[in-house]
Amino acid sequence: MNDAHIYCSDALRRLGADKFQCVLTRKKQVELNLEGTEMSLMRSTQDVTLSLMAIKDLRKGEITVNILDQKSLDEAMSSLMELCATSAQDDAYDISPPQPKQHFDIGPSEPDVDRMYALLARYADHTTARFPKVRLAETIFAHALTERHFTNSTGVDLSSRKGVYTFTSLFSAKDGGKTSSFNYSQVALADLEQELLQCSSFAVLLGQAAEQLEARALPGKFVGDVIITPDCLGGLLSFYVSTFLGDRALIAGTSLFKDKLGQKVAGEQLTFGARPRSPQIADGYAITSDGFVAEDVTLIERGVLKSFMLSLYGANKTKRERAKNSGDCFVVEAGDKTYAQLVAGVERGLLIARYSGGYPSANGDFSGVAKNSYYIENGKVLYPVNETMIAGNLAELFTQIKGISAERVNFGGALLPYVAATGVTISGKQ
Amino acid sequence: MIIQDLRTYRSLFTQYTELRAQENRIMNIAYLNGNLVRNTKSAVGGVSARAYAGGSWGFASAPGYDQVREVISEATLNAAFLDQRAKKGHAPFAPSCPVAERSFATTKPRLSQSEIMQFMQELDGYIAGKYPSLSSRTVSLYNLDMEKSLLTSDGASLYSLLARTVFGVSLSKDTATGPVEVFESAGGLGQFEDVFGEPQSLFPVIDTLYEHLEKKSEGVYAEAGLKECVLDSALAGILAHEAIGHTAEADLVHAGSVAGDYLNQLCASPLITLVDFAHTFRGQPCPMPIYIDDEGTLAEDQVLIEQGVLKGYMHNKHSARRFGVSSTGNARAYEYFDEPLIRMRNTVIVPGHSKLADMIASIEDGYYLMKPSNGQADTTSEFMFGVVLGYEIKQGKLGRAIRDLTISGVAFDVLKSVTMVSDDLKWSNAGMCGKKQLIPVGMGGAAVKCRINIGGR
């Protein structure tokens, strides 16, 4: 049914929903996969999902289905109203208010599969030639077209059509009986102009994989400096936002920043935000998950907390302001030092290229393994390490920033520099 | 309702082809501090086909069940697109045609949504009433039904309905050094009616968890360094899955995993036997029983380590041919639009002969580590697990609780250090493994005594 959201809107009114929203999403994806350096799979998928949310008597239910014939939709709506009837009342439930009808077109709608094949084949060839000790594992080059239509009972009618290429490669190095830790990177692209090996940080990481065959255990334990690479920074920022700024932390009241809006919570070198509308972000979005036109948001500006990352529900529940987007697409402003200057400023510490660790505690404590990382001493990167753990507190880490690099890596879904900080406990093998 | 019998479409196959119809149905409920923050259902289904041409795979999928012909045709074209360019010239696979039908749908009358919500509200109310000093509480319920049918051009066919229902509870308390949190889950194979009875049956789970929270709120940070520890079954299960299992997936072995160097070598203590069970252990269904995999191969138990010696890897058809062995039936796909990948099923360290109490009593200064939060491993078998519940062991006795920490090591080194394996086995059926796609897996095992690196502050 092509007009499923119209059918459902009419039906939900008849069924007595006080408020409702319908999100119809159609996705077409084509992908090419390598296994090692061999082309192994061409995969093309279509999917359609209809997500319905209804509120009745301050009770809410949500249901998602992908079979859109009339019988299936009728069953889904009946089930939705049952979910509503059996849920608890909460006056924070709401839908987005009236906004002008808008449509957004982002990125290429049609994939150039022949060009994708040629680029992927060259990636395999170039990797073999330049990095002979590297073994490629899972490597996927995809194009996805996502069409989204958001409507609700206040008259909101927002739609978007987004096409984007994504490339992901996972790899390690092998030499005789030596194996390096795996590493990976990914990039989102609006066009196919560049060789894949030149995108984001692939060439750097593939080169490091062979070096990491000689990784050594770091003796002892000390509190030192860290330089967080752009590949590692994205994950830490996601932890930071969900631990201190997101719905769960603020509704539960566990966020250390719950009373810190407008106050300094990080080093003044740090300015970052979620910028899904930035022209620098190929994998952005125009409509939030709760039915607003997305706007770029600055979360921290010169160390001062400027916004939480609250959904409409989270905002209503905590009586705070809603964030103007749904998060991700992190952009950290470039600093005033070069990467080389950051390294030169480290007396003793680590270059952390990947963090493999547990989700931080509610108070921000984290502890994990520094993977694909290097020991730094007296301003020089000395050797790759293994079995090295780091521990600290996420809130404290970002208050103890020593510098941010001018160089940034554009991953298409984020734009990130190197960040140097101090006060991290580094434990080698003991 | 998925298409249960796909045989009418067999005439559309022009080369080796798999045709699958599948629907995943999920119910997800969560209360945070008494507020219903999640109350969702989803049902996502469709058909997919995968065709093989000369060593290249083509895959296609579409939602719903009325585009079977188009999906087979597109998969065939996709395989041809790659075959024309890659020109590998591989022969077809040796045919296999097992047949199975297995459903874990309940035969009891289904409960209404209202009755299930009442069950959850009763549990939430119990916590709120009995433990008012908590700063935060969450109760959740997750049910997944995976219903699928499969037909291959060789004649293999499967109909299965696998169900998983898991109750989760998380409690937190403010302390002078910040909030402290503990969580627990209960449930497993089957639909709600077969897994849970009255809400009161879960009260002891909550009470025990609260006792742990009280102790953890006065807990201490663990000392960093290499320590003698007992890993309880939940951690042993993650060790089996993350630290060894992934390195023994044949595609990762081909990509350079360290397990590739250890075949038929002593790589662990002779006390260690580690198996990826297909569907049955000691006469009972495993948490995630797989009878025929998504390539139409009969699923069989795969012994990865037997008395310390690495005996084999987990395979799909392609890797089995590359390694010159038979497929073990480890090819699994999560959604209808996912292609089968080499995945674990039910991976455990098989019980030994020691008593858990004796294992704890045998440690002078170490830790009893009970509950993981998450875990990761890589091709070197170096791993890390978050640990959110544990206790000191001092002079053979349990001491103070410890705060959240991370443990790490090289899995094969840790397994070499094992000196005791408990005689019991506990399963966990709440895990989702990530590798391009998510997939539900069972894991568990005996408790092990070993030396492991603690990442303290």
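Tutor: A:Glu62 has its bridge partner in strand 2 of chain B, and that partner is B:Thr40. The pair belongs to a set of four bridges that join strand 3 (residues 59-65) of chain A to strand 2 (residues 35-53) of chain B, with the two strands running parallel. Strands pair here if DSSP finds at least two bridges between them, and the elements themselves are DSSP runs numbered from the N terminus, H or I of at least four residues for helices and E of at least two for strands. Residues are numbered from 1 along each chain as its sequence is written, while chains are lettered from A and ligands numbered from 1 in the order of writing. The model is predicted, so that local features need a pLDDT of at least 70 and side-chain atom pairs count only at pLDDT 80 or more, whereas totals for chains, interfaces and linings use all residues.

As for confidence, the model scores ipTM 0.91 and pTM 0.92. Chain B averages a pLDDT of 94, with 100% of its residues at 70 or above, pLDDT being the predictor's confidence in each residue from 0 to 100.

The bridges between the chains can be set against the whole interface, in which 64 residues of chain A are in contact with 68 residues of chain B, contact being C-beta atoms, placed from the backbone, within 7 Å. On the side of chain A that touches chain B, strand 2 (residues 38-56) of chain A supplies the largest share, with twelve residues. That side of chain A comprises 19 nonpolar, 29 polar and 16 charged residues, where Ala, Val, Leu, Ile, Met, Phe, Trp, Tyr, Cys and Pro count as nonpolar, Asp, Glu, Lys and Arg as charged, and the others, Gly among them, as polar.

Helices of the two chains also meet: the axes of helix 2 (residues 70-86) of chain A and helix 2 (residues 113-130) of chain B come within 9 Å and cross at roughly 35°. Such axes are fitted to C-alpha atoms over the stretch in contact, with angles from 0 to 180 degrees between N-to-C directions. The crossing is right-handed, that is, the near helix is turned clockwise from the far one by less than a right angle, anticlockwise being left-handed. A:Glu82, A:Leu83 and A:Thr86 make the contact from helix 2 of chain A, and B:Gln113, B:Ser114 and B:Met117 make it from helix 2 of chain B. Sorted by class, these are two nonpolar, three polar and one charged residues.

For comparison, here is a pairing within chain A. Strand 18 (residues 373-377) of chain A runs antiparallel to strand 15 (residues 348-352) of chain A, joined by four bridges, and A:Leu351 stands opposite A:Tyr374 there. Strand 18 of chain A also pairs with strand 19 (residues 380-386) of chain A, again in the antiparallel sense, over five bridges, with A:Glu377 opposite A:Lys380. Two residues lie between these strands of the hairpin, where A:Asn378 takes a positive phi near 50°. Four of the five residues of strand 18 of chain A are buried, a residue being buried with 20 or more other C-beta atoms within 10 Å of its own, exposed with 12 or fewer, and partly exposed in between. In the loop between strand 17 (365-371) and strand 18 of chain A sits A:Asn372, which has a positive phi of about 50° although it is not a glycine. A:Asn372 counts as buried because it has 29 C-beta neighbours inside 10 Å.

Notes:
Two residues are in contact if their C-beta atoms, placed from the backbone, lie within 7 Å.
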